[in-house]
Amino acid sequence: MTLRGTQRSLRKAAEAAESRTALPSHEQRTALRALHALESKLALVAKSVRLLPAITARNAAQERARLQDELRRGQMPSPHFVYAQPRPCHANLRWLDHLRAEAAQLPAARLYLDKIEELELDVALLASLGDARNVRPLAARRFGTGEELVATHAGPVKLIEYAMRLLSGPRLQRREQRTLPASSERDGAPCLRGLIERVAHAAGLEVAVRVEPNLTAGAASGDRTVFLADRLFTPREAWRLAVHEVLGHLTAAENGGLQPLRLLEWGTAFSFADQEGVALSIEADFGVLDRARLRALAGRVLATRSMHAGAAFGETARALHREHNFSVVEAIAISERAYRGGGVARDAGYLRGYLRVREALAGGLTTLDELRMGRVGLDALPELRAL
């Protein structure tokens, strides 16, 4: 798939949707007003519950360097990350519980009842940050543990078993050099920021790019902003991140903001993994979902399962480095993602979402364009189609 092909595909989908659109009936307008009324109340919580900023440690850059040094010297890395203060949750939980009865009476009730359940978990997580005993059971319900069954060409298998197969292959022999900075002060100088801006422009999107030194991932997206880690990137990694963030996440966010229901802007319930699966499927279409990337995704599943099984941060990092041949930098980064905030391990969802989306696309059950109508998950598609 090329950028030109992506634009053409999106344009055809939009024209087809427009040709099918008829003026809504009185009953439909009444139902839509009722959904808008509920969403205006849900918005008080939905727009304020953002996990990523809260689970990005304030001292991540310095602490990450110290942990890498400990692992490199054969010591047991022991993190001391500092996070924002937990947020009070009782008022938000009472408000969501109040809205549950209202949601149950509306069209597409299941979509909104499931979203309320997800929001309750996010509110509780934000109120428990740093308390592993409370965070980890909530994270398991919200994002999974790596023990979930996933569909593959060979039949259902546990996600951790699939991940271990990816990790058991021969060791990667060659690593590409990191030469591209996140940003450059010289206009036109090669950098990840410039690549993201060019891809966004080609896709017809406006984007702001910010460098965030404490960011764990290489990049992360908001509605119209891409945040970049303050480090060097390989050319292949830079292209992959640009494709992933812009043609995956920013496209879905832009489309969601144009829909008549704000739910598609916020994200349907538990759509996180499937939206990562969409972005990874686009990586595959562009030829940048290589073995090194798949091993990294598998390492995240292993770290998630290890954390939920009670292993310490250092034990997980050492296992990734010594037993599975991840570099010191990679092992610390993967472990940090699993243990941040006390164990808000979201990252098993990447590989699980990719496998789910891949199977759905291969079976003709959906398309990438449909999955980018907003931030939507596979389970929500039947009700969204009915709407």
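Predicted model: local features only at pLDDT ≥ 70, side-chain atom pairs only at ≥ 80, totals over all residues.
**Helix packing**

Helix 13 (residues 291-308) packs against helix 16 (residues 348-362) at an angle of about 125°, and their axes lie 7 Å apart. The two helices are therefore oblique to each other. Their crossing is left-handed. On the side of helix 13, the contact is made by L294, L297, A298, R300, V301 and T304, which meet A348, Y350, L351 and Y354 of helix 16.

**Aromatic pairs**

A pair of aromatic rings is described by the distance of the centres and the angle of the planes. Across the whole structure, a search finds five aromatic pairs. Two of the pairs are set out in the table.

| Pair | Centre to centre | Angle between planes | Class |
|---|---|---|---|
| F81 and Y83 | 6.4 Å | 55° | tilted |
| F143 and F272 | 5.6 Å | 75° | edge-to-face |

F143 belongs to helix 7 (residues 132-143) and F272 to helix 12 (residues 272-285), so the pair ties together parts that are 129 residues apart in sequence. F143 counts as buried because its relative accessibility is 4%. F272, at 17% relative accessibility, also counts as buried.

Y350 links the two topics of this report: Y350 of helix 16 takes part in the contact with helix 13, and F143, F272 and Y350 form one aromatic cluster.

Definitions and conventions:
Residues numbered from 1 in each chain as written. Heavy atoms only, no water. Axes fitted to C-alpha atoms, helices over the stretch in contact; angles between N-to-C directions. Helix = DSSP H or I, 4+ residues; strand = E, 2+ residues; numbered from the N terminus. Parallel < 35°, antiparallel > 145°, perpendicular 65-115°, else oblique. Left-handed = near helix turned anticlockwise from the far one by under 90°. Contact = heavy atoms within 4.5 Å. Phe/Tyr/Trp six-rings, centres within 6.5 Å; stacked < 30°, edge-to-face > 60°. Buried < 20%, exposed > 50% of the residue type's maximum accessible area, 1.4 Å probe, protein only.
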